[in-house]
Amino acid sequence: MRRVAVIGVGVTKFGKHDRTSSELFAEAAADALADAEISADRVQALYYGNVVGSETEHQLHTGPQAASILGIPAIPTTRFESACASSHAAFRHAVMEVGAGVSDVVLVGGAERVLNVLTPDSTEYFAYASDAVWEQTLGLTFPGVFALIARAHMQKYGTTEEQMAAVAVKNHKHGALNPKAQFQKEITLEQVLKSAYVADPLKLYDCCPFTDGGAAVVLASEDVARKSRRPVWVLASAAASDWMLLGDKRDLSRVPATERAAALAYKQAGLAPTDVDVVELHDCFTIAEIVATEGLGLFEPGAGGRAAEKGMTSLGGRVPVNPSGGLKAKGHPIGATGAAQIAEIVTQLRGDAGPRQVNRARTGLTHTLGGNTATVLVSLFGRG
Amino acid sequence: MAEPALTLRHFFERARAGQLTAVRCRKCGELAIPPRELCPACYERAWEPVPLGGEGTIASYTVIRVAPRAFMADAPYAVAAVKLREGVSILGRIVDIPLERLAVGLPVRFRPIIRDSQTAIGFGPA
């Protein structure tokens, strides 16, 4: 495999937009190309993530639509749907295309629009990522899925609602420093603990919001990247899956797909968890961040809650997690999330993150989870 | 090839009649509830249906208060992961147990939830 680098990134403001998902992607992609200082005619393919376009926009075939609205209709393009991990899955395949020598410059990104429909409808559409025969028929929601995981984690390790709340407080504190974030305001532990239950033991402030937004990154081969201003190297990009049904998982307090994808990624890069300086991970719910920090090997199983409570994952802590504000505060436009996490890590490794900059960040990790924890992507990035 | 030992349709027909069914691998003895083509333990294609007792205990549960549109009228309602006596686990909707009585380890018994032509997995008091 050839070495592959990210040479440009672009992210829209996250929140509510009166534009289609393809328009949001196109803005982010044009920004990414400008950041890469590369002309659009150099792009040889688009790998695109979009999830509920069929439901919220009555739109299939969003790959060519996104390329058309960007203004480069002739390149090969495919839409990836791996639930919330879609654009990170797209990224891994794009890395393989460039790594294999098929293309030298490839665009990766994603977008989502969901705030044009009401919450009971978006809740239903997101639940389509759980099993239609076994799980949707129970009225299981995504907060419900992670509530089952949270209860199992609390039961096994003594994790508390206060520890989960500490994740929300931390990510809002980080999000307040991110001008692209949906929520740029700090919240208190008391606010989280007093918010209404959505799916016990998860409360409103344990949950990420519904979000519109787009994100894109430009991938390049080593030859092209060497001529670019500030390449960030892809050290690894790995995927793993697990049983689709939550009932088939032996231990609900863990996410085996995270553990498998992380092991593959560390092996590809020749790195260990202790080498990671900054992490953007999938905190769709506060418990998801705690379980992910354990699955990625940053903390022992069961120690993630205490680590969050002690500030070990805050800016200035041992290993800062979600300096962007994470899905919780930055927002979670599901098709765009993986690409947006990669954009943040690239920004951090370039030293461009301003008030939310992680000091001396040389190695970064992104982790994106899809569905009932059945899909996980982990990628590693380096400056050198 | 012949039709699998247990299709989803067969499973839910039996469930509708009150019988929870699993498949067991005739080669290695692996037990699974959702029918699958290959045994995940030995990759053989030698399943046979086996009736389950329907008794188990709650391994984890949640009370869903913000529901999808189709379930809004039911909220709040509980969904649990239930570990069955035979060792396999399955998710189900909790019926006829007060929400405040729910606890990890609480014994429950399978009960189908029938809505028109649809059958879903439910668990009620043991």
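At what angle do helix α1 and helix α3 of chain A pack, and how far apart are their axes? The views below come from a predicted model.

**View 1. Packing of α1(A) against α3(A).** Helix α1 spans residues 21-36 of chain A, and helix α3 spans residues 62-70. The two pack at an angle of about 55 degrees, with their axes 8 Å apart. α1(A) and α3(A) are therefore oblique to each other. Their crossing is right-handed.

**View 2. Residues in the contact of α1(A) with α3(A).** From α1(A) come S21(A), S22(A), E23(A), F25(A), A26(A), A29(A) and A30(A). They meet T62(A), Q65(A), A66(A), I69(A) and L70(A) of α3(A). Seven of the contact residues are nonpolar, four are polar and one is charged.

**View 3. The largest nonpolar core.** This core holds 170 residues. V6(A), V108(A), F146(A), V217(A), V218(A) and L219(A) touch the most other members. Helix α6 of chain A, residues 142-157, gives the most to the core, with nine residues.

**View 4. Surroundings of V6(A).** Neighbours within four places in sequence are left aside here.

**View 5. Chain A against chain B.** Here 28 residues of chain A are in contact with 29 residues of chain B. On the chain A side, α5 (119-127), α6 and β5 (197-199) each supply at least two residues. The largest share, seven residues, comes from α6(A). The chain A side divides into 16 nonpolar, seven polar and five charged residues.

How values were computed: Residues are numbered from 1 along each chain as its sequence is written. Chains are lettered from A and ligands numbered from 1 in the order in which they are written. This is a predicted model: local features need pLDDT of at least 70, side-chain atom pairs count only at pLDDT 80 or more; totals for chains, interfaces and linings use all residues. Axes are lines fitted to C-alpha atoms, for helices over the stretch in contact, and angles run from 0 to 180 degrees between N-to-C directions. Helices (H or I, at least four residues) and strands (E, at least two) are DSSP runs, numbered from the N terminus. Angles under 35 degrees count as roughly parallel, over 145 as roughly antiparallel, 65 to 115 as roughly perpendicular and the rest as oblique. A crossing is left-handed if the near helix is turned anticlockwise from the far one by less than a right angle, and right-handed if clockwise. Two residues are in contact if their C-beta atoms, placed from the backbone, lie within 7 Å. Ala, Val, Leu, Ile, Met, Phe, Trp, Tyr, Cys and Pro count as nonpolar, Asp, Glu, Lys and Arg as charged, and the others, Gly among them, as polar. A nonpolar core is a set of buried Ala, Val, Leu, Ile, Met, Phe, Trp, Tyr and Cys residues joined through C-beta atoms within 7 Å. A residue is buried if 20 or more other C-beta atoms lie within 10 Å of its own, exposed if 12 or fewer, and partly exposed in between; C-beta atoms are placed from the backbone.
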